[in-house]
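Colleague: I have a model open beside its sequence, and I would like to learn how to read its features with care. Could you take me through them one at a time?

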Amino acid sequence: MDFKSNNSCTWLEDENGNRIAVLEYPEVKPGIVNLTHTEVDPSMSGQGIAGKVTEHVANLLREDGRKAELSCSYAIKWFQKHPEYADVLADPEAEAEKAMNLGGPACGIKRP
């Protein structure tokens, strides 16, 4: 997959240049970003795209030496399922606690 990124967002485009998947992660402190929103176009649902974009971002952060906080419920669940990326988290214990308190499906709220 050919992901495109800037310092606060990673996305995947279809053949027409439309964003079909996105993960937003603005910087909240020097060297720390907050994974705030993951969204995949409904036409791509069920293909593992959200997991692939999250893994890509985790690898980018690791390469850059940046750390992550998590607000997006999808990202919280993804990191819980992938403990091999705990080193990317600013506070792995706090993120694990968020995961334990999270109920229901991943965030389906669309951003304007």
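**Charged pairs, core and sheet**

Modeller: Let us begin with a charged pair: K98 forms a salt bridge with E95, and the closest N and O atoms are 3.1 Å apart. This is a predicted model, in which local features need pLDDT of at least 70 and side-chain atom pairs count only at pLDDT 80 or more, whereas totals for chains, interfaces and linings use all residues. Residues are numbered from 1 along each chain as its sequence is written, and side-chain values use heavy atoms, with hydrogens and water left out.

Colleague: What counts as a salt bridge, and how many salt bridges does the rule give?

Modeller: The term is used for a side-chain nitrogen of Lys or Arg within 4 Å of a carboxyl oxygen of Asp or Glu, and by this rule the count comes to five. K98 and E95 both lie in helix α3, three residues apart, which is about one turn of the helix; helices (H or I, at least four residues) and strands (E, at least two) are DSSP runs numbered from the N terminus. Among the other salt bridges, K4 meets E13 at 3.8 Å, N to O, and D64 meets R66 at 3.2 Å, N to O.

Colleague: Are K98 and E95 buried or exposed, or in between?

Modeller: Buried means under 20% relative accessible area, exposed over 50%, and partly exposed in between (1.4 Å probe, protein chains only). E95 is buried because its relative accessible area is 6%, whereas K98 counts as partly exposed because its value is 32%. In the K4 and E13 pair, K4 is partly exposed at 34%, and E13 is partly exposed at 28%.

Colleague: Which residues have the most contacts inside the largest nonpolar core?

Modeller: A nonpolar core is a set of buried Ala, Val, Leu, Ile, Met, Phe, Trp, Tyr and Cys residues joined through side-chain atoms within 4.5 Å. The largest one here has 25 residues, and those with the most contacts inside it are L35, L61, A68, L70 and F79. The elements that give two or more residues to this core are β3 (19–24), β5 (32–35), α1 (49–64), β7 (67–70) and α2 (73–81), and α1 gives the most, with five residues. Beyond its neighbours within four places in sequence, L70 is in contact with residues including A75, I76, F79, E95 and K98. The buried residues of α2 are S73, A75, I76, W78 and F79, and what covers them includes β5, α1, β7 and α3 (92–101).

Colleague: What is the order of the strands in the open sheet?

Modeller: Strands of a sheet pair through backbone hydrogen bonds, either parallel or antiparallel, and two strands pair if DSSP finds at least two bridges between them. The open sheet of four strands has the order β1-β2-β3-β6, with antiparallel pairing, and its edge strands, β1 (4–5) and β6 (37–40), each pair on one side only. Four bridges join β3 to β6, and the bridge partner of A21 in β6 is V40.

Terms used: Contact means heavy atoms within 4.5 Å.
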